[in-house]
Amino acid sequence: MFRFIFRLAAMVALSVSVIMAVLDTTRTVAASALVLTPLNASWLAVSPDTRAAFETFVRAKASPLVWDGAIAWVLNQPGFAVFAVMAFLLYAIGYRRQRRTNQFATN
């Protein structure tokens, strides 16, 4: 059950990553220069209230150092790359290992 949830979340994250990559590609072609939109800019464009609420939550519950050190760095990375890494990690968590029994043919 949990593996399914992680794989579903990985698929959603991968979908968002592909959408953000297509948007960056379109902007790159239109501008004739490489355009990589940071996740922070995309998040502020879509929903500034949730972005501010997330920052307030992290600063209050964890520490301002966590926000300034780790999360701000992640938010400044290209959005498609952040979601692609997130999709990989979620898929790795939800991956089911195959058992190694009966791999060899018996003659």
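Reader: Which residues of helix 4 are buried?

Author: They're W67, I71 and L75. Buried means under 20% relative accessible area, exposed over 50%, and partly exposed in between (1.4 Å probe, protein chains only). One heads-up: this is a predicted model, where local features need pLDDT of at least 70, side-chain atom pairs count only at pLDDT 80 or more, and totals for chains, interfaces and linings use all residues. Residues are numbered from 1 along each chain as its sequence is written, and side-chain values use heavy atoms, with hydrogens and water left out.

Reader: What makes the buried residues of helix 4 line one face?

Author: Looking down the axis of helix 4, they fall within an arc of 50°, so they line one face of the helix. The arc is that of the directions from the helix axis to the C-beta atoms. On the other side of helix 4, L65 and W73 are exposed. Helices (H or I, at least four residues) are DSSP runs, numbered from the N terminus.

Reader: What covers the buried residues of helix 4?

Author: The cover includes helix 2 (39-46) and helix 3. L75, for one, touches P38, L39, N40, W43, R51 and W67, not counting residues up to four places away in sequence. Contact here means heavy atoms within 4.5 Å.

Reader: Why are helix 3 and helix 4 called oblique to each other?

Author: They pack at an angle of about 140°, with their axes 9 Å apart. Angles under 35 degrees count as roughly parallel, over 145 as roughly antiparallel, 65 to 115 as roughly perpendicular and the rest as oblique. So helix 3 and helix 4 end up oblique. The axes are lines fitted to C-alpha atoms, for helices over the stretch in contact, and angles run from 0 to 180 degrees between N-to-C directions.

Reader: How do you know that S17 counts as buried?

Author: Its relative accessibility is 6%, and the cut-off is under 20%, so S17 counts as buried. S17 lies in helix 1 and touches F80, F83 and A84, not counting residues up to four places away in sequence.

Reader: And why is S42 called buried?

Author: S42 has a relative accessible area of 18%; buried means under 20%, so S42 is buried too. You'll find S42 in helix 2.

Reader: Which residues make up the largest nonpolar core?

Author: There are 10 residues in all: A13, M20, L39, V58, W67, I71, L75, V82, F83 and A87. A nonpolar core is a set of buried Ala, Val, Leu, Ile, Met, Phe, Trp, Tyr and Cys residues joined through side-chain atoms within 4.5 Å.

Definitions and conventions: Helices (H or I, at least four residues) and strands (E, at least two) are DSSP runs, numbered from the N terminus.
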